[in-house]
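Here is a colleague's note for someone meeting this structure for the first time. Please keep the sequence and the 3D view open while reading the numbered points.

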Amino acid sequence: MSRIDHSQLQGNILRGYRFGLVRHMLLEVTDRATVRAFLGVAAQGGGAEVPAITVDQPPDKTWPRDQKPASCFNIGLTFAGLRALGVAPGDLATFPTEFREGMAARATKLGDFGESAPRAWSQPFNRPEQIHLVASIHADSTAELDKVDTQVSRAFAVRGRLDGYALAQDKVYFGYTDSISQPKFSHVKDEVEPIDPYGTVLLGEPTRQEGLKFGVPTPQVLGHHGTFNAFRVLRQHVTAFEQYLDRAATELLNHPDSALVLPLDAQFSDGEKPLDRHGMLREVVAAQMCGRWRNGVPYGSSPDTMPDPASVPLTEYDYGRGSRCPVGSHMRRTNPRGGAIVQRIANYTRRLVRRGMSYGPIHTEGDSEPEVGLLGNFIGASLGAQFEAVMCDWLNLGLQDPDITGANDPLIGANSSETSWFDVTLRNGGTIRLRGFPRFVSTRGGVYTFLPSMPAIRYLARLKG
Amino acid sequence: MQRKAGWLDKFVDDLPSQGWFQFLSRHLVVPYWIWRDPKPVLPGGPRPSVQPSESVQRMMNLIMPLKDPSPIGRARAALAISQNVDEIFAGLDNVGTVHNARFLLLDGNICMLSVYDGDFSNYIRDFIATIGSVFDAVMKEVEGGDAMVPTTEHIEEFIDWVCAHDLFQAPDIATDLFNLQDAAKGIAPGSLPHDLRLLPRELILQLHSNPNISLGGGYRAYPGYSAAQVRQKFGVGW
Ligand code: HEM
């Protein structure tokens with residue numbers, strides 16, 4: 001048994017709730033006494049007017065893991081939020097620089113420029129100083145979301161609301177099945193990846209790199225077993241993506257090496273109807289860009305056909321020398337697994353817990369298509385060593401392998417059609433270089449938050465002055 | 001700042017060239033303007049670019065002040081390097097992104113100069129994860145170093161400290177000064193008109209806030225390939 005007390009952790013860190021709906025409320029503390037009182041009750045099981053903060057496992061085990069409450073409620077605080085609640089300046093200074101500066105200030109590292117620049121972010125992200133807390137409500141009905149929303153709204157000034165939902169079959173926009181790979185903190189069957197130490201997400205616990213400890217903010221009760229979250233509102237340009245798949249498939253169809261991309265007698269369906277060769281090549285491009293076929297099957301395990309995901313292991317694979325999963329694919333960039341990388345000591349050190357739901361459509365006048373996308377949470381004990389490290393050297397830039405250095409993630413990278421390129425792998429070990437695709441995912445907003453432990457929330461509630 | 005350039009502005013603008021003014025300006029005029037029009041400290045490091053393909057190389061010009069700048073202290077620092085230098089350089093192999101590195105003693109400072117690829121924080125973090133325990137011997141000779149030993153347990157502070165002592169992270173203000181100043185104050189570049197005649201004064205005032213600056217540069221004889229790309233090209237494995 002681990003020595004982690006699961007009753008003292010917020011419930012959205014080590015596992016996903018798997019509800020159908022989410023609402024993220026962006027909140028400002030305008031009356032700190034009211035907010036402290038709210039947090040005090042919320043962290044002690046809630047009350048008539050205050051929702052309970054959901055823990056990883058309730059101490060009295062009143063709800064077994066498989067029996068859900070009607071809704072789950074969790075909070076994350078920005079640096080401005082900790083200050084607004086009255087955390088002492090000396091303690092505030094012990095939080096890591098990237099968190100103190102906030103996501104908008106880190107735009108260069110995160111590839112947020114042009115239409116993704118913080119200056120262009122939608123409300124309320126263009127006023128980051130007003131965002132003190134992000135409260136996340138998960139439920140299966142809007143009525144449940146509204147119930148908690150009403151309670152929260154009494155204690156805070158609400159600066160924004162973002163509603164998300166799970167698409168059927170764990171899909172995200174662009175048509176991929178998501179929520180398959182996650183760090184694993186205990187042994188799971190069919191897993192070839194090493195178990196991730198709790199320090200991947202909990203401050204104060206050992207990390208993957210022996211001896212390397214992330215700083216725990218003071219006082220101990222505030223920092224211990226807390227973690228950080230990069231909350232991102234990511235717009236997905238679905239039409240541009242599908243149009244690009246058309247274009248790339250046509251290019252590969254007419255390419256002299258077409259048979260090396262996909263055998264000429266290949267035959268598979270999209271799950272419902274058989275695909276023609278152009279349709280199959282579209283799927284190959286989509287699969288190579290991500291690292292999984294859109295139905296979730298790892299591309300490297302079956303590069304010549306898209307099998308039924310129920311028939312193959314989804315996480316039991318590695319990236320050996322001969323893997324046809326491109327080094328430049330989204331998944332290999334964000335988790336190179338055991339594959340060779342330039343930064344030899346970095347395999348498995350930049351792991352991220354991902355919790356995301358889709359959002360939209362949002363109709364804005366003058367916009368060519370309704371906005372849809374992903375409300376993404378990227379959680380880890382160090383924003384700098386995990387989220388930012390992935391974003392600036394691996395996802396964009398591609399320093400981990402000389403064959404992709406200078407190119408960005410084809411699926412979500414900060415691309416521009418003038419300079420983008422991506423190498424499709426061939427059956428003989430060669431590649432075909434695709435060029436000229438635009439940026440398919442742009443940033444609409446985001447904040448860095450600190451996800452405190454339950455004792456830390458009670459500490460915040462007790463602050464004076 | 002949208003003031004009209006008056007006699008006081010002209011007075012300050014002429015400062016660099018008027019020898020007899022220098023005493024007065026140093027002790028009276030510049031302090032007055034610093035009080036009247038304080039400048040934000042500018043951030044350093046690479047600028048945003050649409051695609052990072054232009055050059056992945058960065059330099060580190062790390063100037064670490066010695067606790068004891070006397071010949072005895074300098075000798076101790078020299079020993080801390082020479083006793084560990086093989087391990088440090090072997091460690092750089094494992095960091096994987098380093099082109100070259102050297103140490104030197106410069107007055108009362110021990111300096112590490114290197115060329116590496118990609119993100120600054122990742123470089124320093126990987127460096128410490130690989131050879132932090134060896135580098136601790138060097139940090140013990142450096143002013144303020146004790147508080148960061150062992151570096152593996154003070155990784156965030158160490159990164160911030162290096163950033164503050166790395167001249168490559170100094171702002172590059174010889175170009176585009178007005179826009180940089182505006183951005184540091186949260187004003188969109190280009191949204192305020194600036195009087196070019198005020199440039200010398202702005203530069204003097206900015207140098208008060210940023211004692212160390214970079215004066216442009218960036219000459220390259222070839223595109224900035226990564227160390228791994230070069231190794232791969234010459235077939236020595238990456
Ligand atoms: C709208 C934007 C994004 C989309 C559509 C997207 C899509 C996907 C898909 C389809 C997968 C494979 C499913 C799975 O293995 O669970 C995946 C995996 C992953 N993504 Fe993303 N992603 C997005 C943004 C990001 C960002 C911003 C990051 C982080 C920096 C990220 C990090 C990861 C990681 C770490 C994995 C798992 C890789 C592995 O463990 O093998 N993703 N993503």
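1. A definition comes first. A polar contact is a pair of N or O atoms within 3.5 Å. The model is predicted. With that cut-off in hand, take Asp178(A): one of its polar side-chain atoms lies 3.3 Å from an oxygen atom of the ligand.

2. A polar backbone atom of Ile180(A) is 2.6 Å from an oxygen atom of the ligand. For Arg292(A), an N or O atom of the side chain is 2.9 Å from a ligand oxygen atom. Four elements of chain A give two or more residues to the shell around the ligand: β5 (227-236), α11 (330-334), β7 (371-380) and α12 (383-395). The largest share, four residues, comes from α12(A).

3. How many residues surround the ligand? There are 26, and the closest are Ile180(A), Ser181(A), Arg292(A), His330(A) and Arg354(A). Sorted by class, the shell has 14 nonpolar residues, seven polar ones and five charged ones.

4. Next, the iron atom of the ligand. Which protein residue is its donor? The single donor from the protein is His330(A), through NE2, at 2.1 Å. His330(A) lies in helix α11 of chain A.

5. Two peptide bonds in chain A deserve a look. In general, most peptide bonds are trans. The bond from Thr218(A) to Pro219(A) is cis, with omega near -5°. Pro219(A) sits in the loop between β4 (157-165) and α7 (220-223) of chain A. The bond from Gly360(A) to Pro361(A) is also cis, again with omega near -5°. Pro361(A) is in strand β6 of chain A, residues 353-362.

6. Now backbone phi. Most residues other than glycine have a negative phi. Arg18(A) is not a glycine, yet its phi is positive, about 60°. Arg18(A) is in the segment before β1 (21-28) of chain A. Its relative accessible area is 58%, and it is exposed. Ser179(A) also has a positive phi, near 60°, and is not a glycine. Ser179(A) belongs to the loop between β4 and α7 of chain A. Its relative accessibility is 38%, and it counts as partly exposed.

7. Ala88(A) is in the loop between α2 (79-84) and α3 (89-92) of chain A. At 33% relative accessibility, Ala88(A) is partly exposed. His24(A) is in strand β1 of chain A. Is His24(A) buried or exposed? At 3% relative accessibility, His24(A) counts as buried. From His24(A) to Gln151(A), the C-alpha distance is 14 Å, and the two are 127 residues apart in sequence.

8. Chain B is next. It has eight helices and three strands. Along the sequence the pattern reads α-α-β-α-β-β-α-α-α-α-α. Of its 238 residues, 43% count as buried. The domain assignment of chain B gives domain 1 (7-40 + 173-210) and domain 2 (57-168). The C-alpha centres of these two domains of chain B lie 35 Å apart.

9. Last, one helix of chain B. Helix α7 of chain B covers residues 199-209, and its buried residues are Arg201(B), Glu202(B), Leu205(B), Gln206(B) and Ser209(B). Why do they line one face of the helix? Viewed down the axis of α7(B), the buried residues fall within an arc of 130°, so they line one face. The general rule behind this spacing is that an α-helix has 3.6 residues a turn, so residues three or four places apart point the same way.

Definitions and conventions: Residues are numbered from 1 along each chain as its sequence is written. Chains are lettered from A and ligands numbered from 1 in the order in which they are written. This is a predicted model: local features need pLDDT of at least 70, side-chain atom pairs count only at pLDDT 80 or more; totals for chains, interfaces and linings use all residues. Side-chain values use heavy atoms; hydrogens and water are left out. Domain bounds come from an automatic or database domain assignment. A residue is near a molecule or strand if one of its heavy atoms lies within 4 Å of it. A polar contact is a pair of N or O atoms within 3.5 Å; within protein, one must be able to donate a hydrogen and the other to accept it, and residues adjacent in sequence count only if both atoms are side-chain atoms. Ala, Val, Leu, Ile, Met, Phe, Trp, Tyr, Cys and Pro count as nonpolar, Asp, Glu, Lys and Arg as charged, and the others, Gly among them, as polar. Donors are N, O and S atoms within 2.8 Å of the metal (3.2 Å for Na, K and Ca); water is not among the atoms, so sites may look incomplete. Buried means under 20% relative accessible area, exposed over 50%, partly exposed in between (1.4 Å probe, protein chains only). The arc is that of the directions from the helix axis to the C-beta atoms.
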